[in-house]
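This briefing is written for a reader who has the sequence and the model at hand.

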Amino acid sequence: MVFPFLKYSKKSPGETANEIGNFIVSEIQEIESFNVINGFLNLVICDDYWVSALLKAVNEENYGFTNISEHSKLVMVEYSSPNTNKPLHLGHIRNNLLGFSLAEILKANGHRVVKTNIVNDRGIHICKSMLAWQKWGRGETPESTGGKGDHFVGELYVEFDKHYKEEIEELVNKGYSKKEAEENASLIQEARELLIKWEAGDKETVNLWRTMNEWVYEGFDVTYRKLGVDFDKIYYESDTYIAGREEVLRGVDNGIFYRKEDGSVWADLTKNDLDHKLLLRSDGTSVYMTQDIGTAKMRFNDFKIDQMIYVVGNEQNYHFEVLSILLDKLGYEWGRDLYHFSYGMVELPSGKMKSREGTVVDADDLIAEMEDYARQMSQELGKLENLTREEAENNYEIIALGALKYFILKVDPKKNMLFNPQESIDFNGNTGTFIQYTYARIKSVLRKAAERNINYKTELSPDTLLSNKEKDIIKRISMFPDIVKEAGKEYSPALIANYCYELVKEYNQFYQDHSILHESNTIKRNLRLILSLTTSRIIKKSMQLLGIKVPERM
RNA sequence: GCCCCGGUAGCUCAGUUGGAUAGAGCAACUGCCUUCUAAGCAGUAGGUCAAGCGUUCGAGUCGCUUCCGGGGUACCA
């Protein structure tokens with residue numbers, strides 16, 4: 001594109017392009033020729049440049065990734081962060097997949113990463129479930145009902161909400177305003193009393209709390225394992241809120257925060273163009289913000305963190321803006337540098353998901369449905385006939401989770417996305433399945449090459465002539481390191497997903513009209529085998545960055 | 001009200017930082033399995049890039065205005 005040069009050359013676009021083109025061809029060996037169209041100068045790069053680019057990709061250990069050393073930047077990634085009052089749903093799945101993938105991408109970019117989970121195991125919402133169990137639980141447990149612990153507790157939470165709403169309605173009928181009713185309902189007051197008792201360390205309350213949380217953790221573990229996500233360090237807000245409260249009180253002593261007459265503690269953020277923010281309730285209990293201050297402090301005590309990333313939905317943008325300012329006010333130099341990885345909501349065709357109203361897509365149910373569908377499709381297509389039962393079952397899981405993860409991660413994390421349970425489960429087109437399938441296809445070719453004792457690693461002649469499609473794929477392969485860097489810089493798994501899709505699409509086009517093992521010209525055959533091998537490796541690495549497994553056959 | 005974020009094909013999404021005729025997938029229609037896996041490939045059709053104005057050689061991309069959608073603005077998390 002030569003327009004910017006016209007003011008220097010003072011010539012027509014065509015003439016300018018020709019002069020530059022001639023100069024480049026004579027000066028740079030790798031440029032074979034050029035052509036000019038509509039003021040655009042196109043340079044043609046010669047084949048042996050691409051051949052050596054392919055050789056570099058296939059021979060370079062850790063191609064596309066940056067090695068980690070002990071001097072690498074230490075990044076802490078917080079993700080998942082569930083509440084222990086309900087099971088995980090589709091929104092949490094997006095969070096977990098993004099957090100895990102982000103950590104993998106950062107590692108590939110040479111950072112040391114600590115994956116952390118802050119479990120929201122205390123607070124008024126937990127007390128609601130506890131109260132519901134006391135009132136309507138009839139002494140049942142997940143064991144006695146045979147359910148998963150997180151679902152068991154989740155149902156209690158819904159139960160509370162149901163009764164609470166009924167009570168509000170009654171009060172409104174008696175002439176209270178809606179707000180008064182919400183405040184004065186006996187159920188919410190009982191829940192609050194429970195929270196105060198809990199913070200005071202009341203034995204019975206704490207025991208119930210501990211028991212119910214254990215139920216939930218057992219349920220979460222199953223889901224996490226299924227999703228393939230894990231953590232290096234788990235924090236519990238039941239521990240961190242104390243540190244938070246101390247920090248807030250220290251802030252009051254130092255005049256950073258102020259106390260109202262009713263005893264509640266506030267931060268005045270009007271100088272930051274924000275309003276006043278509550279930090280401790282008038283009854284002395286902590287709020288969300290209090291806990292996050294404490295959590296941050298504990299983390300920076302525990303690790304020498306260079307960068308802190310919070311993977312939390314964009315509905316909390318304001319919260320993190322405030323958190324950053326508060327930590328800064330408290331004198332933590334890293335406060336300003338917190339990065340809120342703010343991702344969009346997952347919406348359903350019916351609108352937003354709401355746990356209390358039961359309009360959620362449950363994580364466990366969704367995964368199970370996808371596995372069923374994978375099993376059904378595999379059988380319909382007559383796949384996996386040569387596999388053992390165990391291998392087949394393993395493949396259903398790989399395919400189901402691959403489809404789900406890819407579907408979610410291919411979308412720009414910043415944007416809201418729509419998930420249609422009926423239509424979003426698809427194994428054709430731009431899907432994880434398509435990528436896995438291509439991988440399995442390549443592995444099949446490579447296996448057959450090995451069976452026929454075809455050695456394809458040594459003889460890559462620089463005189464190899466390339467078809468356009470072969471050149472396209474090599475071009476794409478040589479972009480991989482830049483894409484990994486870009487994904488690390490932009491914090492975007494979607495860049496990896498979309499890149500990998502393009503690569504795979506091109507490979508399938510190539511596969512369609514190029515023979516590999518049947519090619520009689522050994523120079524060409526070797527090129528195509530190396531091309532296939534390299535493509536398969538990049539597919540595997542890309543999918544690894546997304547937390548997606550690839551099957552050897554499918 | 002105020003503050004953020006979005007609007008690209010019927011649907012779900014890309015669009016390489018301002019460049020050539022705006023791309024994929026799904027859905028619809030048409031071809032391709034005696035050859036390395038047809039969960040694939042090739043093709044047809046589908047667009048006022050929400051609307052308008054501006055910035056300049058050039059705007060889906062940058063700026064302003066309007067319309068529409070989402071989120072936030074809690075002694076919820």
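A residue counts as buried under 20% relative accessible area, as exposed over 50%, and as partly exposed in between, with a 1.4 Å probe and protein chains only. At 4% relative accessibility, E247 is therefore buried.

This is a predicted model, in which local features need pLDDT of at least 70 and side-chain atom pairs count only at pLDDT 80 or more, while totals for chains, interfaces and linings use all residues. Residues are numbered from 1 along each chain as its sequence is written, chains are lettered from A and ligands numbered from 1 in the order in which they are written, and side-chain values use heavy atoms, with hydrogens and water left out.

**Salt bridges**

- The structure holds 28 salt bridges, each defined as a side-chain nitrogen of Lys or Arg within 4 Å of a carboxyl oxygen of Asp or Glu.
- Buried E247 pairs with R250, the closest N and O atoms being 2.8 Å apart; the two lie 3 residues apart in helix α11 (residues 237-253), and are therefore separated by about one helical turn.
- R250 itself is partly exposed, with a relative accessible area of 31%.
- R138 and E140 form a salt bridge through their side chains (3.6 Å, N to O), in which R138 is exposed at 70% relative accessible area and E140 is partly exposed at 28%.
- D328 and R336 are likewise joined by a salt bridge (3.3 Å, N to O), and both are partly exposed, D328 at 32% relative accessibility and R336 at 47%.
- R122, E199 and R245 are linked into one network by salt bridges that share partners.

- Of the atoms of RNA strand B that come within 4 Å of the protein, sugar and phosphate account for 62%.
- By class, this surface has 25 nonpolar, 20 polar and 16 charged residues, where Ala, Val, Leu, Ile, Met, Phe, Trp, Tyr, Cys and Pro count as nonpolar, Asp, Glu, Lys and Arg as charged, and the others, Gly among them, as polar.

- An N or O atom in the side chain of S444 is 2.7 Å from a phosphate oxygen of RNA strand B.
- The side chain of Y501 has an N or O atom 2.7 Å from a sugar or linking oxygen of RNA strand B.
- α16 gives the most to the surface near RNA strand B, with 8 residues; helices (H or I, at least four residues) and strands (E, at least two) are DSSP runs, numbered from the N terminus.

Conventions: A residue is near a molecule or strand if one of its heavy atoms lies within 4 Å of it. A polar contact is a pair of N or O atoms within 3.5 Å; within protein, one must be able to donate a hydrogen and the other to accept it, and residues adjacent in sequence count only if both atoms are side-chain atoms.
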